[in-house]
Amino acid sequence: MDWIYEPWPWYVSGPMIALVMFLLLMVGKNFGMSSNLRTMCTICGAGKKADFFRFDWKAQRWNLVVVLGAIIGGFIGSHLMTVDSAVAINPDTISRLKELGFSSAGKTYLPTELFDMNAMTDMKSLILLSLGGLLVGFGTRYAGGCTSGHAISGLSNLQLPSLIAVVGFFIGGLIMIHLIFPLIF
Amino acid sequence: MRTLSYLLIGILFGITMFKSEAASWFRIYEMFKFESFHMYGIIGSTVIIGIILVQLIKRMPIKSFYGETIQFPPKAKSFSRYMFGGILFGLGWALAGACPGPMFTLVGAGYVPILVVIIASILGTFLYGLIKDKLPH
């Protein structure tokens, strides 16, 4: 039964994500996580500031339940189904990350430099996490979807707009990793 | 009943995001460095199976579990919003190492600083809502 504690290979993970999308379709919903961020804005009263947030958020409650499930699933996956959460990335990637100052590469699930409790009192970590979050939230709504809505739901439905968005995701990601990371780390 | 089905699907999604390591910042970095097939295998196999499933649903008389017709809302035709929005999203995805699904999975996994990313992403969405009429779409 030890296999249950191992990370899932891509050929298990991919079909499982497709299953999630299929099950959502079969209960009459479309897979897309980033719309929850808009719903959360509306719940916080953003409708007073912009029309974009004036919509019936209760129709989106189902998706917030999916979010709650994703949180519970994260707990189950990490605490009940994993003993050693170190991510075995490519050794070349590990050495490059160490040069950039990520000493936890290859040893943890997330870089401790950004995601352990000390990051909460480290100004640089807080700024980078906030900036990352701002770009994700702004970009995803501007693009009308994120990895789930465009890369998975949209591409599965052969939507050209989704392909353009996914190309954009990659251009942005490549700029960040190859051009901006050497400047900030 | 329906609420329970959404919750169970969400749990399956959360477990998958964690166990696939798609919620790992390191895997996202490695993907953009083209130093592993892992993430490409995940996204590629999801999309190939997804295309087959969507075509099956469209061509066969498949109804939802509740007997409704399954809808596929088409995305509005445009270029700029998808390209510019996509690039901004990609910059954030690579920096924070998490997109809007996995970031919630990481809350459950117990990484407190991910809350900073989530709050900032809600603010980012809010900012978009404030200035969206001034942006090319």
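**Exercise 1. Determine the handedness of the crossing of helix 3 of chain A and helix 5 of chain B, and describe how the two helices pack.**

Solution. In this predicted model, the crossing of helix 3 of chain A and helix 5 of chain B is right-handed. Two packed helices are described in general by the angle between their axes and by the distance between those axes.

**Exercise 2. Work out which elements of chain B give two or more residues to the side that touches chain A, and which gives the most.**

Solution. Begin with the chain itself: chain B has six helices and zero strands, and buried residues make up 56% of its 137 residues. Turning to the interface, 104 residues of chain B are in contact with 109 residues of chain A. The elements that give two or more residues to this side of chain B are helix 1 (2-19), helix 2 (25-32), helix 3 (38-59), helix 4 (80-96), helix 5 (102-109) and helix 6 (114-131) of chain B. Helix 1 of chain B gives the most, with 17 residues. By kind, the residues on the side of chain B that touches chain A divide into 64 nonpolar, 28 polar and twelve charged.

**Exercise 3. Identify the buried residues of helix 4 of chain A and find what they pack against.**

Solution. In helix 4 of chain A, which runs over residues 91-99, the residues Thr93(A), Ile94(A) and Leu97(A) are buried. Because they cover an arc of only 100° around the axis, they lie on the same side of helix 4 of chain A. The face turned away from that buried side carries the exposed residues Pro91(A), Asp92(A), Ser95(A) and Glu99(A). As for the partner, the buried residues of helix 4 of chain A pack against helix 2 of chain B. Finally, helix 4 of chain A is followed by Gly101(A), whose phi is positive, near 105°.

Definitions and conventions: Residues are numbered from 1 along each chain as its sequence is written. Chains are lettered from A and ligands numbered from 1 in the order in which they are written. This is a predicted model: local features need pLDDT of at least 70, side-chain atom pairs count only at pLDDT 80 or more; totals for chains, interfaces and linings use all residues. Two residues are in contact if their C-beta atoms, placed from the backbone, lie within 7 Å. Helices (H or I, at least four residues) and strands (E, at least two) are DSSP runs, numbered from the N terminus. Ala, Val, Leu, Ile, Met, Phe, Trp, Tyr, Cys and Pro count as nonpolar, Asp, Glu, Lys and Arg as charged, and the others, Gly among them, as polar. A crossing is left-handed if the near helix is turned anticlockwise from the far one by less than a right angle, and right-handed if clockwise. A residue is buried if 20 or more other C-beta atoms lie within 10 Å of its own, exposed if 12 or fewer, and partly exposed in between; C-beta atoms are placed from the backbone. The arc is that of the directions from the helix axis to the C-beta atoms.
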